[in-house]
Amino acid sequence: PDIRIFHDDPEAVSVAQNYVICLRKRDVLGEILIQEGVIWQKPYTPLNRMSIFSPFSEGDYPQSDIYFKQAIHLPLYSFMKPEEAEKVINIIINFIKK
């Protein structure tokens, strides 16, 4: 319940550029990943938060803000070894258990 995992629409074809999960304690998990040598990224800044787009973004975008604060882009790349993926998975599992 503490982690949100996104699933592709069965009707869509997805390009696996990022593997994204959302969690409230993203930065805490991020620090642990860094300590374990795992590189991760925060999402791109939402357009409504960029000053250049402010004249065009009236109103609030709460889902965009939640995603920006909670999303973590986990490593995903060509030729990623199974043991590299398992390392990331195990770090996350251990984090959730605590």
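Analyst: The model is a predicted one. Among its contacts between residues at least 6 apart in sequence, 61% join residues at least 24 apart.

User: What makes two residues count as being in contact?

Analyst: Their heavy atoms must lie within 4.5 Å. The 61% refers to pairs that meet this cut-off and are at least 24 apart in sequence.

User: How do you know which pattern the protein follows along the sequence?

Analyst: There are three helices and three strands. Read along the sequence, they give β-β-α-α-β-α.

User: Why are some residues of helix α1 called buried, and which are they?

Analyst: A residue is called buried because its relative accessible area is under 20%. In α1, residues 26-35, this applies to Arg26, Leu29, Gly30 and Leu33. In the protein as a whole, 22% of the 98 residues count as buried.

User: What puts the buried residues on the same side of α1?

Analyst: Arg26, Leu29, Gly30 and Leu33 cover an arc of only 105° around the axis, and therefore lie on the same side of α1. An α-helix has 3.6 residues a turn, so residues three or four places apart point the same way.

User: Which elements do the buried residues of α1 pack against?

Analyst: They pack against strands β2 (19-23) and β3 (71-74), and against helices α2 (62-70) and α3 (82-97).

Notes. Residues numbered from 1 in each chain as written. Predicted model: local features only at pLDDT ≥ 70, side-chain atom pairs only at ≥ 80, totals over all residues. Heavy atoms only, no water. Buried < 20%, exposed > 50% of the residue type's maximum accessible area, 1.4 Å probe, protein only. Helix = DSSP H or I, 4+ residues; strand = E, 2+ residues; numbered from the N terminus. Arc of directions from axis to C-beta.
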